[in-house]
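Reader: I have a chain open on my screen and want a quick walk through it. Can we go piece by piece?

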Amino acid sequence: MPKTLPIRKTHLVSLLTNIIDNAIENNFHKDIPVKVSIKIHNDYFRIIVKNSIDVNKSNFFKELKTNKSRGHGYGTRIIKSIAEKYNGYADFLIESDQFICDVILSIKGETDA
């Protein structure tokens, strides 16, 4: 990892806390740890977080899009917004029995030291 990233510190903290908090809160099999991967590849900063899900839950994506009261439920919107600010994207996928949050940010630009 480089010593500095061209990502505002507040954005980086918000991004990581929302992604990891969502994964921990929604980890279905508590005995299976949440997996976090953070790496730099060429001009991109990538975060991949995986957690187990209940594959029998048919309305999983409906719940993902809900807006809950008292400031909860906005995590995915915040994640997508920050990714877009850095010419990147946020993808939310289900593979087998895992929910995957995959975020890529461009790191071309000025640093926020």
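Author: One definition to begin: two strands pair if DSSP finds at least two bridges between them. With that in hand, isoleucine 40 stands opposite phenylalanine 45 in strand 2. Keep in mind that this is a predicted model.

Reader: Noted. How many bridges do strand 1 and strand 2 have, and in which sense do they pair?

Author: Seven bridges, and the sense is antiparallel. The two strands form a hairpin with two residues between them.

Reader: Which residue in that turn has a positive phi?

Author: Asparagine 42, at about 55°.

Reader: What does the side chain of asparagine 42 make a polar contact with?

Author: The side chain of histidine 41, at 3.4 Å. Asparagine 42 and isoleucine 107 sit 65 residues apart in sequence, yet their C-alpha atoms are 8.9 Å apart.

Reader: Zoom out. How many helices and strands are in the chain?

Author: Three helices and four strands. Along the sequence the pattern reads α-β-β-α-α-β-β.

Reader: In what order do the strands form the sheet?

Author: 1-2-4-3, as an open sheet with antiparallel pairing. Strand 1 (35–41) and strand 3 are at the edges; each has a single partner strand, so one side of each lacks a neighbour in the sheet. From one strand to the next, the twist averages 15°.

Reader: How many bridges join strand 2 to strand 4?

Author: Nine, and those two strands run antiparallel. Strand 3 (residues 89–95) and strand 4 (residues 98–106) pair over seven bridges, also in the antiparallel sense. There, phenylalanine 92 stands opposite cysteine 101.

Reader: New topic: arginine 46. Where is its place?

Author: In strand 2 (residues 44–52). The bridge partner of arginine 46 in strand 4 is isoleucine 104.

Reader: Why does arginine 46 count as partly exposed?

Author: Because its relative accessibility is 28%. The partly exposed class lies between the 20% limit for buried and the 50% limit for exposed.

Reader: What is arginine 46 in contact with, neighbours within four places aside?

Author: Ser37, Ile38, Lys39, Asp102, Val103 and Ile104. With aspartate 102 there is a polar contact between side chains, at 2.6 Å.

Reader: Now the helices. What does helix 1 lie across?

Author: Helix 1 (residues 9–25) lies across strand 1, strand 2 and strand 4. Its angle to strand 2 is about 20°. Helix 3 packs on the sheet too, touching strand 3 and strand 4. The direction of helix 3 makes about 135° with that of strand 3.

Reader: Which residues of helix 3 are buried?

Author: In helix 3 (residues 75–85), they are Gly75, Thr76, Ile79, Ile82 and Ala83. They cover an arc of only 130° around the axis, which puts them on the same side of the helix. Glu84 and Lys85, on the other side, are exposed.

Reader: What follows helix 3?

Author: Asparagine 87, with a positive phi near 50°.

Reader: Back to helix 1. Is asparagine 18 buried or exposed?

Author: Asparagine 18, found in helix 1, is buried: its relative accessible area is 15%, and buried means under 20%.

Reader: What does asparagine 18 touch, apart from residues up to four places away?

Author: Gly75, Ile78 and Ile79. Gly75 and Ile79 are among the buried residues of helix 3.

Reader: Last one: what percentage of the chain counts as buried?

Author: 31% of the 113 residues. The chain exposes about 7600 Å², and carbon and sulfur atoms supply 49% of that. As for contacts with a separation of 6 or more, residues 24 or more positions apart account for 64%.

Technical notes:
Residues are numbered from 1 along each chain as its sequence is written. This is a predicted model: local features need pLDDT of at least 70, side-chain atom pairs count only at pLDDT 80 or more; totals for chains, interfaces and linings use all residues. Side-chain values use heavy atoms; hydrogens and water are left out. Buried means under 20% relative accessible area, exposed over 50%, partly exposed in between (1.4 Å probe, protein chains only). The arc is that of the directions from the helix axis to the C-beta atoms. Contact means heavy atoms within 4.5 Å. A polar contact is a pair of N or O atoms within 3.5 Å; within protein, one must be able to donate a hydrogen and the other to accept it, and residues adjacent in sequence count only if both atoms are side-chain atoms. Axes are lines fitted to C-alpha atoms, for helices over the stretch in contact, and angles run from 0 to 180 degrees between N-to-C directions. Accessible areas come from the Shrake-Rupley method with a 1.4 Å probe; for residues, only the protein chains shown count as cover.
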